[in-house]
Amino acid sequence: MDNKGKLPLCGMAAGCVNGLFGGGGGMVLVPLLRQWCQVEEKQAFANCVAVIFPCCVISAAVYLLRAPFSLTTALPYLLGGLAGGLVGGKLFPSVPTVWLRRIFAGFLLYGGVRYLL
Amino acid sequence: MTDFLLPLAVGFGTGILSAWGVGGGTLLLLIMTFFLGVDQATAQGINLLYFLPTAGMGLLCHRKNGLLRRDILRRAIPWGIGAAILAAWLATALHTEVLRKPFGIYLLFAGVFTLFGRRR
């Protein structure tokens, strides 16, 4: 299967995770893009963000529709995230990719253990 | 005031990681549910919204740096959206406890795979 066929499947996998677990999808998508679709590492991370973005919009809309929550609680996170995203975007080209993977993996493992316990 | 400042700071830190695409949102979810006492459903909803400004900022930079690829986005996004609709619908129909263990297992697999996946 060439990338034409693989990419929709990758997108679906990310969308599933994103909708089901309320965010993310990158954890599934980045490895798929890199290893299955042979995308260069920095591109994989960057394009993953671009794919997850619309998935989050849609998932958020469904969540708000079906299980509304307080937007004032969300506000500080959103503001902080905005500032952090800007700083992160500027720093990204200088971050060594091996650290991207290590940070990533560290959180995944930590999270997995916590959720199972 | 700390009710605002702490989430703000947490959002900032995880925002940097989110722009890098390394699971800042997941970390935020973990911090919210385990340390800030936010309930799972609300945390998931906040997480989804939070990603938008952070990723948006990051994406502007990624685009400026020439990292985005039309061929990937054109093919993956439509299917991603479709899957997200169905999955989000399902998630909001289930009791959150049902998804806890699968989520944990998924995180572990993803972590191990990321660390030890074969490099090309």
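User: How many salt bridges are there between chain B and chain A?
Analyst: Zero between chain B and chain A. Keep in mind that this is a predicted model.

User: OK, and polar contacts? How many residue pairs between chain B and chain A?
Analyst: Nine residue pairs are in polar contact across chain B and chain A, both partners at pLDDT 80 or more.

User: Which elements of chain B touch chain A?
Analyst: Counting elements that give two or more residues, they are α1 (2–19), α2 (24–34), α3 (40–64), α4 (70–93) and α5 (96–116) of chain B. α3(B) gives the most, with 20 residues.

User: What's the class make-up of that side of chain B?
Analyst: The side of chain B that touches chain A has 57 nonpolar residues, 23 polar and eight charged.

User: How much area do chain B and chain A bury between them?
Analyst: About 8200 Å². Carbon and sulfur atoms account for 78% of that. In residues, 88 of chain B are in contact with 86 of chain A.

User: Why quote an area at all?
Analyst: The size of an interface is often given as the accessible area lost when the parts come together.

User: Back to salt bridges. How many does the structure hold over all chains?
Analyst: Two, over all chains. A:R34 pairs with A:E41, with the closest N and O atoms 3.5 Å apart. B:R69 pairs with B:D71, and there the closest N and O atoms are 2.9 Å apart.

User: What lets such side chains pair?
Analyst: Side chains of opposite charge can pair when their charged atoms come close.

User: A:R34, buried or exposed?
Analyst: Buried, because its relative accessibility is 10% and the cut-off for buried is under 20%.

User: Switching to the fold. How many helices and strands in chain B?
Analyst: Five helices and zero strands. Along the sequence, chain B reads α-α-α-α-α.

User: What does the C-alpha trace of chain B span?
Analyst: About 40 × 35 × 30 Å along its principal axes. Chain B has 120 residues, and 53% of them are buried.

User: What share of contacts in chain B join residues at least 24 apart?
Analyst: 42%, taken among contacts between residues at least 6 apart in sequence.

User: Let's zoom in on B:T14. Where is it?
Analyst: B:T14 sits in helix α1 of chain B. B:T14 is buried, with a relative accessible area of 2%.

User: What does B:T14 touch?
Analyst: Leaving out residues up to four places away in sequence, B:T14 touches B:G24, B:L27, B:L28, B:I31 and B:Y50. With B:Y50 there is also a side-chain polar contact of 2.9 Å.

User: And where is B:L68 relative to B:T14?
Analyst: Their C-alpha atoms are 22 Å apart, for B:T14 and B:L68, which are 54 residues apart along the chain.

User: Last one. What is the phi of A:Q38?
Analyst: Near 60 degrees, a positive value in a residue other than glycine. Most residues other than glycine have a negative phi.

User: Where is A:Q38 found?
Analyst: In the loop between α2 (26–36) and α3 (41–66) of chain A. A:Q38 counts as partly exposed, at 45% relative accessibility.

Note on methods:
Residues numbered from 1 in each chain as written. Chains lettered and ligands numbered in written order. Predicted model: local features only at pLDDT ≥ 70, side-chain atom pairs only at ≥ 80, totals over all residues. Heavy atoms only, no water. Contact = heavy atoms within 4.5 Å. Buried area = accessible area lost by both parts, 1.4 Å probe. Salt bridge = Lys/Arg side-chain N within 4 Å of Asp/Glu carboxyl O. Polar contact = N/O pair within 3.5 Å; in protein donor to acceptor, adjacent residues only side chain to side chain. Helix = DSSP H or I, 4+ residues; strand = E, 2+ residues; numbered from the N terminus. Nonpolar A, V, L, I, M, F, W, Y, C, P; charged D, E, K, R; others polar. Buried < 20%, exposed > 50% of the residue type's maximum accessible area, 1.4 Å probe, protein only.
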